[in-house]
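Please look over the sequence and structure shown here. The briefing below goes through the fold, the domains and a few local features in turn.

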Amino acid sequence: MSSAPIVLQIFRGDADSTGGEQRFEVPAVEGMVVLDAVHYVQANFANDLACRWNCKAAKCGSCSAEINGRPRLMCKTRVDEFADQEIHVGPMRTFPLIKDLVTDVSWNYEVNKEIPGFTPAANEPVPYRMLPEDTERVYEYRKCIECFLCQDVCHVLRNHDDKSAYYGPRYMVRIAALEMHPLDTRKRTGLLHGKAGVGMCNITKCCQEVCPEHIKITDNAIIPLKERMATDVYDPVVRIARKLNPFSGAPATTDLVEAEASQATGPQRFAVRDVVRLKTRGRRLARVGSVLPDGKLEVWVLHMNGKVQHWDGPKVVRTSDITNNYGPLDEVGIGSKLVEQYITQDHAAEHHG
Amino acid sequence: MIGAGGAGMRAAIEASAAGARVAVVCKSLLGKAHTVMAEGGIAAALANVDPDDNWQVHFQDTMRGGQLINNWRMAELHARESPERVYELETYGAIFDRTPDGRILQRAFGAHTYRRLCHVGDRTGLEMIRSLQDRIVHLGIEVHMEVTLTRLLKDGDRVIGAFGYNRVDGRFVAFKAKAVVMATGGWGRIYKVTSNSWEGTGDGVGMGFDAGAEVLDPEMVQFHPTGMVWPPGVRGILVTEAVRGEGGYLTNSEGHRFMLEVDPKKKELSSRDVVARAIYKEVQAGRGTEHGGANLDVRHLGAEKIKKKLPSMYEQFLKLADVDITKDPMEIAPTIHYAMGGLRVEAETGATTLAGLYAAGEAAAGLHGANRLGGNSLSDLLVFGRRAGAAASSYVREVGLGKIDERQVAEEQQILLLPLSPDGTENTYLLQQQLQQAMQDGAGLAREEKLLKTCLDRILELRQRSARIHVPGSRKYNPGWHTARDLRFMLTIAEAIVRAAIERRESRGAHWRLDYLEKDPALGRVNFIAYNDGGQVKLKTRPVPEMPPELAKLFADTTSTPPASPPPAPSPSKPQQVRT
């Protein structure tokens, strides 16, 4: 390693002044990281240089900064990777500046408060039993050290300053951790669709590139959440309903039809979003997607994969293929896991019966 | 609650559940406290992996590790209650690594008879702090981040609040409280080579001391055997004991596995004081590695297991030291890790000797005696954090709010503002570095009277000079200004450590005296107490609390040396095979 000093350009300034870079020379030491150099400056040249740090071992996520334009942890960035270049160290620009390298990240903590916490079933026996294969996928999300570098690089938050429309990658990771927790019973898809704004992400993957914990934020948290939300909120029924009635934002529930009478069950009326049971093999549950002009129904068939629902379709059935109509989806409450269980148990009983 | 690590947050949860109005005050952002750095695991006798484990064995391990100067009642409560606290943590959303049948997996650790440490890879502390943090947020508990408190306010003999400043804008802030729980952690930062962050300045214990509380066992400072050595910038950063728990072993520069002779039974998993001393002796004997340490080797575990069970160690060495631990050994040396000493508390309640002041976690003392076992600190936080929170919340139902004495506030403001006056000449950071060097040289792993006395002189000289500190800039987010106040606490604690270390003329646990290599049975019956006598650090002794006969008989075989260990775990418990 060369004995030439390290040249640092560190941003100095606060919210009340424009600020600018200040140049410092620091003696090079083998294996030095940017945080060491900043500490040297603090001890010897600028006692009041503001920076956050705690563990100095990439475990706490405090010393986030922008180093030569890239969001990184100062404690994990070696100075020798810049060879003879000057090293520019500045604060995260997505958050309001407090002073020097310290920014006001309190918005993140406010967002966190809006996310419903872990909610096990009230009668879940303690100690918990959770199989390794069910817990394994959650560990990746729980590695997050809350350095907020992903929030810093996210263009929705950074360039568009749209903090009211999107919680940002960190909180997609947090919601994913809760949603995939094997014993959590709560649904957060409404939140994702609404205030959390998962739809704002257009998958540029910048966040996962800067994650110091190598969490595949986009691939393993945001995309699965988008899919989950699509199933629960933008389900095909709603899409079809919108096609039929493009001027209405709300799902259409008025396409009633007097279906041909089935001898077994008597005359039935079917509406979009009704939950029905099919007579076909497996006696599966399905959901009415649309009522076709010839009186047949397009339905989406429910498959349970563990506790996760998938609606397959569309499949065209005759009304005589249907045994039961449980009524509108919202009232039956698929989505509330208790009712879901009730229906699937009912299903099993009927099937065996 | 002062402090938002494991103990402070657990205390807040308990007090809030009991109906008290709670505010948590912390120096950093929420979730950054030192608990986050705990790696290896949390000790609790769940007996999920080794069915013979139970609280009595855990109790004995803890007492023996502490060389029997622990508070037996704390050790008993800790061993009995930690399983419940671990299970409870999972109800807050934590997920530990699991056995194939879905229970919490446990790993081997130094001086624990059975595999007892519940863990999540090597990031157990992160899992714990995040779960507690989520719970705090969920319960809507008030948190004041980046606020440093520097003085307890008293009304007569009672603690009735605390005073300090907001780090962000430097404004002064006073909290009126019927009870204060001190959960401020330890003081590793007093030393040069430490695994602790900047926060470990002993300020909570210093505040308690200033207000008149007793400080127990200050001389007992733990060296973790395995800290990073090279490059210089990372010196002291922790290498988790889980590396040895998973089967890693130590060798000297000649490739010899020296722990085989030092402790043939427990080998690398002997207690931390024993392993740290063994490494020190190897280096002293000229068998150290290039940068003055030993080699810690995990290559035989195979790359897959290393990356799964020790992912952050793999990353840490690769990024910071250019060492791929699946291909090369890690170079390690002892690093200051933990303060066994702290505020003296009542076992059941965490009440200190001052009315209205409670303490829990590393800031409190008694559980660990002369040496803490790995994994016992995280369970300590939960067990005694909960107890302190419960006791404080029932205390506040019995008392009214006190009256803030403006003179105390004015006095503290004056102390705080002094370094900003233009008269001073001393650089606060350089004084801090000199203190750290003095403690490293004079009150480190191997101690002797002459060096301790020199160290004390240096501390007293630094104390004089600290009155002349000058810090440039304003009160707005000014770390130099913050350090100036921290330094006062560090000097107080350093003096207490050294004074007690001089008086304990024996070797016991972490306290190793080259001039008194043996244990002194008479000193084994006392704890040293540092207390504030008109601004001076004074020492006295208190008898070690005596165990009731039914517990004492568990140690019937024990003389003054650590006993032959209880039956070793069955051979499959030695997780040294590579699982494929």
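Chain B holds 16 helices and 21 strands, where helices (H or I, at least four residues) and strands (E, at least two) are DSSP runs numbered from the N terminus. The model is predicted, so local features need pLDDT of at least 70 and side-chain atom pairs count only at pLDDT 80 or more, while totals for chains, interfaces and linings use all residues. Residues are numbered from 1 along each chain as its sequence is written, and chains are lettered from A and ligands numbered from 1 in the order in which they are written.

**Overall form of chain B**

- The radius of gyration of chain B is 23 Å, which agrees with the value near 25 Å that a compact globule of 580 residues would have; the radius is taken over C-alpha atoms, and the globule rule is 2.2 Å times the number of residues to the power 0.38.
- Along its principal axes, the C-alpha trace of chain B spans about 65 × 50 × 50 Å.
- Of the 580 residues of chain B, 62% count as buried, a residue being buried if 20 or more other C-beta atoms, placed from the backbone, lie within 10 Å of its own, exposed if 12 or fewer, and partly exposed in between.
- Among contacts in chain B between residues at least 6 apart in sequence, 74% join residues at least 24 apart, with a contact requiring C-beta atoms, placed from the backbone, within 7 Å.

**Domains**

- Chain B is divided into domain 1 (226-335) and domain 2 (406-516), with bounds that come from an automatic or database domain assignment.
- The centres of domain 1 and domain 2 of chain B, taken over C-alpha atoms, are separated by 31 Å, and their contact takes five residues from each of these domains.
- On the side of domain 1 of chain B that touches domain 2 of chain B, helix 8 (residues 272-284) of chain B supplies the largest share, four residues.

**Helix 2**

- Nine of the 11 residues of helix 2 (residues 55-65) of chain B are buried, so this helix is largely enclosed by the rest of the structure.
- The cover over the buried residues of helix 2 of chain B includes strand 2 (42-43), helix 3 (72-91) and helix 11 (376-395) of chain B.
- Just after helix 2 of chain B, B:Gln67 takes a positive phi of about 55°.

**B:Arg508**

- B:Arg508 is found in the loop between helix 15 (479-503) and strand 19 (512-513) of chain B, and B:Arg508 counts as buried because it has 25 C-beta neighbours inside 10 Å.
- Not counting residues up to four places away in sequence, B:Arg508 touches B:Gln67, B:Ala370, B:Lys519 and B:Gly524.

Conventions
Two residues are in contact if their C-beta atoms, placed from the backbone, lie within 7 Å.
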